[in-house]
Amino acid sequence: MAGLIRREDVDQVRERARIDEIVSAHVTLKPAGVGALVGLCPFHDERSPSFNVRPSVGRYHCFGCGEGGDVIEFVMKMDALSFTEAVEYLAGKTGVQLRYEEGGNARPREEPGKRQRLLEANRVAAEFYAEQLMGPDAAAARTFLAERSFDRSDAERFGVGFAPKGWDALQRHLQGRGFTQAELVASGLMSQGQRGIYDRFRGRVMWPIRDVTGAVIGFGARRLFEDDQGPKYLNTPETSLYKKSHVLYGIDLAKREIAKGKRVVVVEGYTDVMAAHLSGVTTAVATCGTAFGADHAKVVRRLLGDTTAGGGMQLTSGGTVGGEIIFTFDGDAAGQKAAERAYGEDQRFFAQTYVAVADGGMDPCDLRMTNGPEAVRALVDGRKPLFAFVIQAKIKQFDLNTVEGRVSAVRAAAPEIAGIRDRSQQDGYTREVAGWIGTEIDEVRREVARVASTPSLRRAPGVPDGDRRSSGAPGADGARAAGSRPGPAGSEERPATGGGQQLPAPDPRDPVARDERLALVAVLQYPQHVPASFDALGEDAFSVPAWRAVHAAIRAAGGAAAGRDVSAAQWVGAVLEQASETVAGVVTQLSVASLPEDRESAIAAFVGGVVNRVLDLGLMRRVADARSRLQRLDPSDAETYQAAFAELLAIEAERRTLRESTTA
């Protein structure tokens, strides 16, 4: 078996793989100062962006949960890969040929990491199914697509294919490509029977399901033949790649438009996604065999981006602040239940949530076939708030011509109103509901207040009661550590080590601690602008223990002078090599933190200024120490006294020179 990947190859992968591109497949990033990007953290649930990325140094850090590292560590944590698997994955994306210590040859194709093998098996299977769609045995599949107004080019665009009816067609194809039976079962492409393994999908239309990076992780299959005793729709089972509660079909195609337009349209099936995209609704996605849930909401929220205070506010123009989540459902009872489940997830968004139901209950696929692409666009544009849809459905269950019916309708609607996050919307829906039912506003208001004050009567939305708050209240996310405080770019800051032991946090009110921190941020990010005198600082130049430890790592790496001769990423990497485990997280945090100066042309002067302030602080401490020593000496000991006095004058002169150079 091959040995470790060569160090120089790992370094090459780290340099070639752009961390902003890799992270952007999972998180929508936006500028946050010179050379910095920020987004919602993919490692913990938050509504205010605290996840910082600095492409120049190739590192990320979340000021909310403390996770941080380089592009390899991001892939490891995001996709649950080993170090070797993450390097191999990134090498494949960047074209780096890896060499291994034993023999120096590239790793044989039959020995890549397990995850990569499963991804490759799914990719080959997707190609196989797509090829079969044009074969003589796939007439039923082509008819199925044609009846829904999809042609060959549409099938190719979405990778639609056909699984032959035989029991081992795909098995023989994949085993001929070198995949083992164990790998095929682990991929979910094969099922295990008493007589061995066999193709899981047979005689079905096939849709490849991809993750946000575009990698095929599973399949959705639709029954075609009457002799097929299986379910109408059959998906890949749960595997190490495919987790149905996290998967959204079409996310690879829709992610950029979702991030750009701050809108996502959730439909119910694969053909609905196809119809929506082909009709110009290019933000459409669908769940895969399960209801839209909390994990889906996290994926969507990260792509929508910043959904902080004010999110979910609808404007008079018809647009919204914070984006839109639009659910399309059938108009039947099942669609109503789906709407109620989606309503439970509404509290997870600082965005306006809508529902779109076509007349006659047609789904987007039927609508496109019957009335054309413009009808699908009109369906989405004619959306109505999900609150109104769910509450009106509750009210329709009662006979409003009777007193008893109206009272029951008020009681049914009150928990839904009480669960609305935005207090102003609560008041608005209180008035609306009174009109829909035909009762007094005060009657509805009293019932809503009663429900709100009685926890057992409240509806159970997608988040705990303690996390429910107005869209206008910024608040702190429950996932963040108690005692953490605001940091750069609206984040939270604390010396972090990615989950390990943490160094004592400095007092946020201490101006010296702030200046020392800014100086270290400047040295790590812009060593080329750091005054040469910085490297002459002694080991006790920084007063805060956390900053003193980082400074020690900088000195061990050769000081700022060493950083001027290499790339920003190599410089931070060199400092990290000298840092202990408890200090490494702090180095990463500082290497991605935003500076107060956001003008590229002013960075050099700013860096020089903050570093000189720390130098001045050090000289001030030396002056104070020299004066204290002088006061303790006996003036009668003229030689000793004059030497101490001369030392004081020298330090003061050094300080004057520093200040003159700063103001020059």
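This is a predicted model: local features need pLDDT of at least 70, side-chain atom pairs count only at pLDDT 80 or more; totals for chains, interfaces and linings use all residues.

Let's start with helix H6, residues 139–146, where the buried residues are Ala141, Phe144 and Leu145. Those residues cover an arc of only 95 degrees around the axis, so they sit on the same side of H6. And what covers them? The cover includes helix H7 (152–158) and helix H11 (270–278), plus strands S6 (161–163), S9 (204–210) and S10 (216–223).

S6, S9 and S10 go together with S11 in an open, antiparallel sheet of four strands, in the order S6-S9-S10-S11. S6 and S11, residues 233–235, are the edge strands with a single partner each, so one side of each has no neighbour in the sheet. From one strand to the next, the twist averages 35 degrees. If you want to find the S10–S11 pairing on screen, it's antiparallel with three bridges, and Gly220 has Asn235 in S11 as its bridge partner.

Now the other sheet. This one is also open, but it has six strands and mixed pairing, and the order is S12-S14-S13-S17-S18-S19. Here the edges are S12 (248–249) and S19 (384–385); each has a single partner strand, so again one side of each is left without a neighbour in the sheet. S12 pairs with S14, residues 284–287, in the antiparallel sense, over two bridges. Tyr249 is bridged to Ala286 of S14.

There's a helix lying across this sheet's strands too: H15, residues 373–381, lies across S13 (263–267), S17 (324–328) and S18 (352–356), and runs at about 110 degrees to S13.

Further along is H17, residues 403–418. How far does H17 reach from its first C-alpha to its last? The span is 23 Å for 16 residues, close to the 22 Å expected at 1.5 Å a residue. Its buried residues include Gly405, Ala409 and Val410, and then the run from Ala413 through Ala414, Pro415, Glu416 and Ile417 to Ala418.

Last thing, confidence. The protein chain averages a pLDDT of 81, and 81% of the residues score at least 70.

Methods:
Residues are numbered from 1 along each chain as its sequence is written. Side-chain values use heavy atoms; hydrogens and water are left out. Two strands pair if DSSP finds at least two bridges between them. Contact means heavy atoms within 4.5 Å. Axes are lines fitted to C-alpha atoms, for helices over the stretch in contact, and angles run from 0 to 180 degrees between N-to-C directions. The expected span of a helix is 1.5 Å times one less than its number of residues. Buried means under 20% relative accessible area, exposed over 50%, partly exposed in between (1.4 Å probe, protein chains only). The arc is that of the directions from the helix axis to the C-beta atoms. pLDDT is the predictor's confidence in each residue, from 0 to 100.
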